[in-house]
2 protein chains.
Amino acid sequence: MQINGNYRNLQPNYLFSTVTKRVAEERRRHPGKPIYRLGVGDVTLPLCPAVIGALGKAVEEMSAAETFRGYGPEQGYDFLRERIQQYYAAFGVSLDLEEIFVSDGANSDLGNILDLFSKENTALIPDPVYPVYLDTNTMDGRKVLFMDGGEENDFLPLPDPSVKADLIYLCSPGNPTGAVYTRAMLQSWVDYARARGGVILFDAAYESFVTGDLPHSIYEVEGAKECAIEISSLSKTAGFTGMRCGYTVVPRTLEREGMSLNRMWLRRQTTKFNGVSYVVQRGAAAVFTPEGRRQTGEATAFYRENAALIAAALRELGVWFTGGVCSPYIWMACPEGMGSWEFFDLLLREAGVAGVPGAGFGRNGEGYFRLTGFGSREETCQAIAALQELYRARGLAG
Amino acid sequence: MQINGNYRNLQPNYLFSTVTKRVAEERRRHPGKPIYRLGVGDVTLPLCPAVIGALGKAVEEMSAAETFRGYGPEQGYDFLRERIQQYYAAFGVSLDLEEIFVSDGANSDLGNILDLFSKENTALIPDPVYPVYLDTNTMDGRKVLFMDGGEENDFLPLPDPSVKADLIYLCSPGNPTGAVYTRAMLQSWVDYARARGGVILFDAAYESFVTGDLPHSIYEVEGAKECAIEISSLSKTAGFTGMRCGYTVVPRTLEREGMSLNRMWLRRQTTKFNGVSYVVQRGAAAVFTPEGRRQTGEATAFYRENAALIAAALRELGVWFTGGVCSPYIWMACPEGMGSWEFFDLLLREAGVAGVPGAGFGRNGEGYFRLTGFGSREETCQAIAALQELYRARGLAG
């Protein structure tokens, strides 16, 4: 008996637990003092009426033998896949139904998709980024290279043709940076992947925050269907963090070594997954109705406005940041070369604002800090005022 | 770029699709003729009122900011884990909360648990059995050995000390056989696993069908917490095939190579899984309330009675079978050395009964046939009458 020894190589990730612990300590030390949580990556608005209505109806269906649903298709019901297909059509992306796989969230698919690839591949991962890309590859013992994000490239690294990578992770709008790749930038990644025979794993979990002419999907770029898998989620699109539903697109034209990755993923999912709850899928389908789009769009706009208010305050203070436009996230430089955790403690103690230290997202996150627009309007405005007051009182420069 | 080449070694599994196709053909050929579906492994009764009530309440909670729930604990909410803990206590099994992981169904965990083990391990799998055990190990390139089930051991194979295996799959009550291991038999497996340092993966998906003194859980057996992981599901317990909820027990005392499998599984789940829908977990918790236990118990008893009616008819016809007592499944010998698919066609065409050919569950399933108690009472009785008529008309011996 041998265990998977790669688990020994995992670095413990105490980012959010340490944040929570320090916030709790601060509360204990100063019981009356308000603490504004601008760090959480979770939504706060309830599910919209269109979704609630659909969920209620589905629960009712499950109560009568005539309308009860047992096992459904592992890749999701057509009523939902057709809605997702139409949603993509609005970006000008045409997908076959068989290319769409309904999942219980982006996180599961980001981990499970690695089943399709050899452990001998090299993964190329942005730094800073969502820690799951690194951890899931470490669990498999895959070699990992990093692409450096920094102020010089606005935390949007571009391909270096001399780097030999097989699995390329892109997250746009980025977590934690909120930075969004343009079509031209994504094209350079698609060209790089195709030239190397690599596969891009495109995390589009925040695409619903995109406005204007920036791309929602990597398939808006020429050639992406030959080299990219797109993983998305309703968590932020529709407040589904507690409901669990997402979708993954594996194009039929994506083949490697004569094997269709679409068919491999279908086999993986029909073997190791039994589909998403019928009730949840009905709720998810309601997200894509005109009514659901309008209602969830209002929630997204609300979070985006929170982020814009934070962004405006930082701009006024002369603080360097990215994000805050097509993203709920603001990624700001800590003042005067301060470390991420040092700034975290200062902000928490002096301003009562709890954010997330950038160092938790990779080496290049040191010296940066993540704020989010997921709070209430009141909490966000109070946090902004406290932050401004701190910068002024301390004479901090951006 | 290399794909996971093990996918090339997967055998296509056309069992259920072929069954469905042949039934559809028969319908086309004889449009008016009734066809009794006694093959499906899916439930047919709706969710019980206790569960429906809890689901409706949870949906309502998601509609208001004050009661809305976002990300929950990846390993499941305590309100559900405590109920599962109490459920186990009723079998005399004491579990810590941290040993219980809520999942979206047994199928996911049966696949994903393999993440914890080296590809160098050898898996020992019953034949016949649920095909997922073989497929998930094939995807990892693990060596697979089979333990032979047959009439001589009532399809309950026992350990052979000369066989060197690391991962041992047991399914009791068995799918497709309906056969149930006694405590003494499970003890011999636990002793074998401990002597070898192996790990048992115990599939308890059908435990709620167990009556009398037979074990529901492998932890009813001495030493199992040092060598066994138990994977269970509400699919059959509470008609959750379309709702998706199960649970996996990884004891804290289960260690290999100095690593705690409980901590490894926690790390796996917190990295590659974001928990089960809050709404579904509320429904699942209602299953374990006194009211839920009574209501789901009635449904299980109903399916068990269907199986008992089929079993009684087979006994009268002198047909060899196992199952049908503590299981919704009846595993019968085909008459007069007939092959599984030959008997399938005969039964479908002559009696209008659709079952599942045993050959679909492994080499040793050839010559056997699976019937299930999940139909309506009327359909089950009509199918029994048609089967009896066929045996009499053809003078078939058991």
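Modeller: Happy to! Keep in mind that this is a predicted model. Let's start with A:Tyr130, which sits in the loop between strand S3 (122-127) and helix H5 (132-140) of chain A. Its relative accessibility is 21%, so A:Tyr130 counts as partly exposed; the cut-off for buried is under 20%. Setting aside residues up to four places away in sequence, A:Tyr130 touches A:Asn107, A:Leu110, A:Asn175, A:Pro176, A:Asp203 and A:Phe361. With one of these, A:Asn107, the side chain of A:Tyr130 also forms a polar contact of 2.5 Å.

Another of those partners, A:Asn175, deserves a look of its own. A:Asn175 belongs to the loop between strand S5 (167-171) and helix H6 (183-196) of chain A. At 7% relative accessibility, A:Asn175 counts as buried. Beyond its neighbours within four places in sequence, A:Asn175 is in contact with A:Val129, A:Tyr130, A:Tyr206, A:Tyr329, A:Phe361 and A:Arg370. A:Phe361 is therefore a residue that A:Tyr130 touches and that A:Asn175 contacts too, with the contact limit set at 4.5 Å.

Now for the record: in an unreviewed entry, UniProt lists A:Tyr130 and A:Asn175 under "binding site", along with A:Tyr71, A:Tyr206, A:Ser233, A:Leu234, A:Ser235, A:Arg244 and A:Asn274. These listed positions span 204 residues in sequence, and the farthest two C-alpha atoms are 34.6 Å apart, so they do not all gather at one spot.

Definitions and conventions. Residues are numbered from 1 along each chain as its sequence is written. Chains are lettered from A and ligands numbered from 1 in the order in which they are written. This is a predicted model: local features need pLDDT of at least 70, side-chain atom pairs count only at pLDDT 80 or more; totals for chains, interfaces and linings use all residues. Side-chain values use heavy atoms; hydrogens and water are left out. UniProt positions are given in the numbering used here, feature names are shortened, and annotations may be inferred rather than shown by experiment. Helices (H or I, at least four residues) and strands (E, at least two) are DSSP runs, numbered from the N terminus. Buried means under 20% relative accessible area, exposed over 50%, partly exposed in between (1.4 Å probe, protein chains only). A polar contact is a pair of N or O atoms within 3.5 Å; within protein, one must be able to donate a hydrogen and the other to accept it, and residues adjacent in sequence count only if both atoms are side-chain atoms.
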